[in-house]
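Subject: Handing over the structure

Dear colleague,

I am passing this structure on to you, and I would be glad if you could look it over before reading my notes below. The notes begin with the ligand and end with the backbone.

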Amino acid sequence: MKSTSKPQGRLLYAQSGGVTAVINATAAGVIEAARAQGVSVYAARNGILGALREDLIDTGKETKAAIAALRHTPGGAFGSCRYKLKSLDSHRVEYERLIEVFRAHDIRWFLYNGGNDSADTALKISQLGKAMGYDIRCIGVPKTVDNDLAVTDCCPGFGSVAKFTAVSTLEASLDVASMADTSTKVFILEVMGRHAGWIAAAAGLAGEGADAPPHLILFPEKAFDETAFLAKVKATVERVGWCTVVASEGLRNKEGQFLAEAGTRDAFGHSQLGGVAPVLAALVKEKLGYKYHWALPDYLQRSARHLASHTDAEQAYAVGKAAVEYALAGMNAVMPVIVRTNDAPYRWKITPAPLAKIANREKKMPASFLTRDGFGITAAARRYLAPLIQGEAPVPYGKNGLPLYVLLKNTAVAKRCEVFST
Ligand code: F6P
């Protein structure tokens with residue numbers, strides 16, 4: 001519904017952190033909701049860096065069809081970043097720069113679409129208005145495949161990676177089962193999720209019962225126990241004939257060290273993870289002598305829009321739309337979060353939650369979601385996870401057999417400020 005008086009000022013939207021299969025659906029929700037209110041939307045190129053560098057994009061130059069196509073296009077249409085704003089006290093110059101850019105372009109609402117680190121950035125910016133005498137409202141918009149944001153029942157991006165993981169576990173297991181008699185006995189799939197095992201848990205939806213895959217899930221919440229792992233792999237192969245293992249990239253040993261680190265760290269101090277599957281595979285070969293295959297879907301899992309969850313795609317759009325409504329209603333320092341009102345049939349709604357309760361917190365899997373031996377998921381976990389992968393969100397395909405993804409024009413806004421180096 002169009003309101004009678006047009007709100008004054010512009011809205012700035014930025015994407016942050018690791019992108020997802022549906023973050024652009026959130027962008028579509030933001031832009032379409034703002035357009036409906038006659039509000040012009042700029043996007044910052046590469047997240048908060050675009051705001052600091054005054055590298056802004058005029059989304060008004062994009063057609064209605066291009067914005068609508070964002071709903072089925074993966075990646076981050078405006079570019080994303082990992083960049084930590086330091087404290088206002090120690091890095092005042094960065095905050096002054098943001099206000100300078102906001103003022104120059106009459107930005108009155110800033111929507112930052114990201115995970116827990118980005119919620120911290122959004123919270124800091126929400127406090128700027130008072131500290132620097134410029135009226136700016138800031139809304140955090142949730143997104144992360146890791147599903148580790150506090151307060152919200154789930155995070156846009158997770159349902160789709162969960163569906164990809166459950167489907168891939170099922171498909172690869174059918175493959176292994178066919179060959180096990182004379183060839184591969186153990187298949188190991190490594191999934192993302194950093195310190196939280198939500199994605200690994202989603203693999204558990206592939207099957208139910210002791211003989212159904214995945215036979216073992218290795219969670220970051222539970223220290224790796226080599227003896228128990230090898231014993232269960234061996235018992236499974238002897239009983240079933242083959243064994244599927246799903247391991248979280250964030251798996252740690254009893255000393256708390258990651259089993260596999262790439263050796264690099266991002267701006268927030270997070271270690272780059274990856275490579276736990278080959279470590280486990282080598283162990284299986286050395287100690288049990290079984291032939292193995294392992295897979296590391298890495299970016300394939302968080303970009304697989306062709307296998308997105310309908311529920312997830314809808315929620316991603318809804319949080320974008322709600323963020324605009326909150327901003328235009330004058331709210332500040334909040335995030336639209338997903339509240340589950342019923343498990344089956346699944347029902348959800350969006351409500352505002354304070355950013356202060358979300359910034360820098362990490363939601364891990366509750367102990368009640370892990371089976372007693374720590375290698376599987378419980379009925380409670382299934383109840384939580386199952387609705388999130390429900391429904392398909394098909395992408396249109398072209399004559400060449402490839403999806404019709406949109407590439408925006410991303411027309412730059414003329415600069416009005418001095419150059420600022422980041
Ligand atoms: O954004 C979360 C995430 O997808 C993690 O699961 C993963 O560990 C990380 O991003 C990878 O980050 P980057 O793409 O910056 O290496």
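By class, the shell of residues around the ligand is made up of 3 nonpolar, 2 polar and 5 charged residues. Please keep in mind throughout that this is a predicted model, and that every value in this message was computed from it.

The residues that form this shell are Gly 18, Arg 82, Val 145, Asp 146, Met 192, Gly 193, Arg 194, Glu 249, Tyr 299 and Arg 302. A polar atom in the side chain of Tyr 299 is 2.4 Å from a ligand oxygen, while an N or O atom in the side chain of Glu 249 lies 2.6 Å from an oxygen atom of the ligand. With Gly 193 it is a polar atom of the backbone that is found 3.3 Å from a ligand oxygen. Taken alone, the ligand would expose 400 Å², and the protein buries 85% of that area.

Where does the ligand sit? Its place is in the largest pocket, which has a volume of about 660 Å³. This pocket is lined by 33 residues, and those closest to its centre are Gly 18, Arg 82, Arg 194, Asp 266 and Arg 302. Helix H5 (116-126), strand E9 (261-265), strand E10 (271-273) and helix H11 (299-303) are the elements that each give two or more residues to the lining of the largest pocket. When the lining of the largest pocket is divided by class, it has 6 nonpolar, 14 polar and 13 charged residues.

The largest cavity holds about 30 Å³ of space, and the residues that line it are Glu 190, Val 191, Met 192, Glu 249, Gly 274, Leu 296, Asp 298 and Gln 301. Met 192 and Glu 249, listed here in the cavity lining, are also among the residues around the ligand. By class, the lining of the largest cavity has 3 nonpolar, 2 polar and 3 charged residues.

Finally, some points on the backbone may deserve a look as you go through the loops. The peptide bond that runs from Pro 213 to Pro 214 is cis, with omega near -5°, and Pro 214 belongs to the loop between helix H8 (198-203) and strand E7 (216-218). Ala 344 and Pro 345 are likewise joined by a cis peptide bond, with omega about 0°, and Pro 345 lies in the loop that connects strand E12 (334-342) and strand E13 (347-354). Glu 54, although not a glycine, has a positive phi of about 55°, and this residue is found in the loop between helix H2 (48-52) and strand E3 (56-58).

With best wishes

Terms used
Residues numbered from 1 in each chain as written. Predicted model: local features only at pLDDT ≥ 70, side-chain atom pairs only at ≥ 80, totals over all residues. Heavy atoms only, no water. Near = heavy atom within 4 Å. Polar contact = N/O pair within 3.5 Å; in protein donor to acceptor, adjacent residues only side chain to side chain. Areas by Shrake-Rupley, 256 points an atom, 1.4 Å probe, with all protein chains shown as cover. 1 Å grid on protein atoms, 1.4 Å probe; cavity = no way out; pocket = protein on both sides within 12 Å on 5 of 7 lines; lining within 4 Å. Sits in = over half its atoms within 2 Å of the grid points. Nonpolar A, V, L, I, M, F, W, Y, C, P; charged D, E, K, R; others polar. Points joined across faces, edges and corners; volume = space filled by probe spheres on them. Helix = DSSP H or I, 4+ residues; strand = E, 2+ residues; numbered from the N terminus.
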